[in-house]
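Welcome, and please open the structure in your viewer. We will go from stop to stop, selecting a few residues each time.

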Amino acid sequence: MLFHLLYPLEKYYFLFNVFHYITFRTIYATVTALFLSLVFGSFAIRTLKHYQINECIREDGPETHNAKKGTPTMGGILILGSLLTATLLWVDLENSYIWLVIFTTVSLGILGLIDDYTKVIKKDPKGLTVKEKLFYQTIIGLTVGLFLYFQKDFPTTLAIPFFKNVNPDLGIFYILFATVLIVGSSNAVNLSDGLDGLAIGLILIVTTTYMLFSYITGHIKIAQYLQISYIAGSGELSIFCGALIGAGLGFLWYNAYPAQIFMGDVSSLALGGSLGCIALITNHEIVLSIVGGIFVIEALSVIGQVLSFKTRKKRILLMAPIHHHFELKGLKEPKIVVRFWIVGVLLALLAISTLKLR
């Protein structure tokens, strides 16, 4: 919005030329979202407490989690509100990729909101069924895949990390691939939201990485130099990523151990899906499994636990997802969170190195 209002004034005052630069708008989208989430964080906590919108604690979970009873949840509304406001203020609203990411974020956010509402307000601890979630996530994923597939000049090839000339073209199967990626990334982040600050910290690491990828793939000279796909218009996604970083940092202020507020499914599903969508648009889909390696491990730990119990009647972990396994092993919650963050940073550096190691 500010881009369209202020950049045209560049004809009269050269200072307004700064609104042309993605880097400038990314910085101020970050600052705007951070400011909004910090300012409205206390208000959100008080409001959620007033209406007794509190987290449902698993009865079979670690005993230390009993202290979390009464902590307000659905704080993801604060993240999404700050994120979307800052994004709409600073992006080029004529960019179709921005609207695709916003569609993914909002639609999955609504799905997560319904799930939270079912668990918290209707007092059904199970929330939506797995089939219901997967059905709606699949519809959203198909929409994203179809949009990108029919987008003019958009590549349906896969960039394989560490290999320069290995770019298989999926053709029509790109739609299916995009659907699986959106569903998988959305659920993987959702499963990781179990310890104070864990999920949002990892989201910040992944988002920072894709802020860089978005800028590079949208810059024709840098993309050509690095011999990666140039996606015209994808640079605007850097602004969305910056806004997400700001909103996430503001939320982490209140979500750090001991958490004053939890994000809930309303944002864990939404933010996971939005990262998957950005990975698709920037043509760095496979890299998401590297930089988001912790999310992948968390998801695989749940899948492995379920399969093992159904086939062998034995559990491979004390409790799934794997962060709960380490809790039951005796590790303190803050230590698990910080160690997972450290691994996340190392994986992010590995992912960034794929830009040159080909």
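## A walk through the model

Begin by selecting Gln52, which sits in the loop between H2 and H3. Keep in mind that this is a predicted model. Gln52 counts as exposed because its relative accessibility is 57%. Its phi is near 55 degrees, a positive value in a residue other than glycine.

Now pick Met74, also placed in the loop between H2 and H3. Met74 is not a glycine either, yet has a positive phi of about 65 degrees. Is Met74 buried or exposed? At 8% relative accessibility, Met74 counts as buried.

Next, select Thr73, in the loop between helix H2 (22-50) and helix H3 (76-90). Thr73 counts as buried, at 2% relative accessibility. Leaving aside neighbours within four places in sequence, the contacts of Thr73 include Leu48, Val120 and Phe262.

Then show H3 together with helix H9 (residues 237-255): they pack at an angle of about 145 degrees, with axes 8 Å apart. Their crossing is right-handed. Among the residues that meet here are Leu78, Leu83 and Trp90 in H3, and Phe240, Leu244 and Phe251 in H9. The contact of H3 with H9 comprises 11 nonpolar residues, 2 polar and no charged.

For the last stops, look at two prolines. Pro258 lies in the loop between H9 and helix H10 (265-281), and the peptide bond from Tyr257 to Pro258 is cis, with omega near -10 degrees. Pro321 lies in the loop between helix H12 (293-312) and helix H13 (322-328). A cis peptide bond joins Ala320 to Pro321, with omega about 0 degrees.

Methods:
Residues are numbered from 1 along each chain as its sequence is written. This is a predicted model: local features need pLDDT of at least 70, side-chain atom pairs count only at pLDDT 80 or more; totals for chains, interfaces and linings use all residues. Side-chain values use heavy atoms; hydrogens and water are left out. Helices (H or I, at least four residues) and strands (E, at least two) are DSSP runs, numbered from the N terminus. Buried means under 20% relative accessible area, exposed over 50%, partly exposed in between (1.4 Å probe, protein chains only). Contact means heavy atoms within 4.5 Å. Axes are lines fitted to C-alpha atoms, for helices over the stretch in contact, and angles run from 0 to 180 degrees between N-to-C directions. A crossing is left-handed if the near helix is turned anticlockwise from the far one by less than a right angle, and right-handed if clockwise. Ala, Val, Leu, Ile, Met, Phe, Trp, Tyr, Cys and Pro count as nonpolar, Asp, Glu, Lys and Arg as charged, and the others, Gly among them, as polar.
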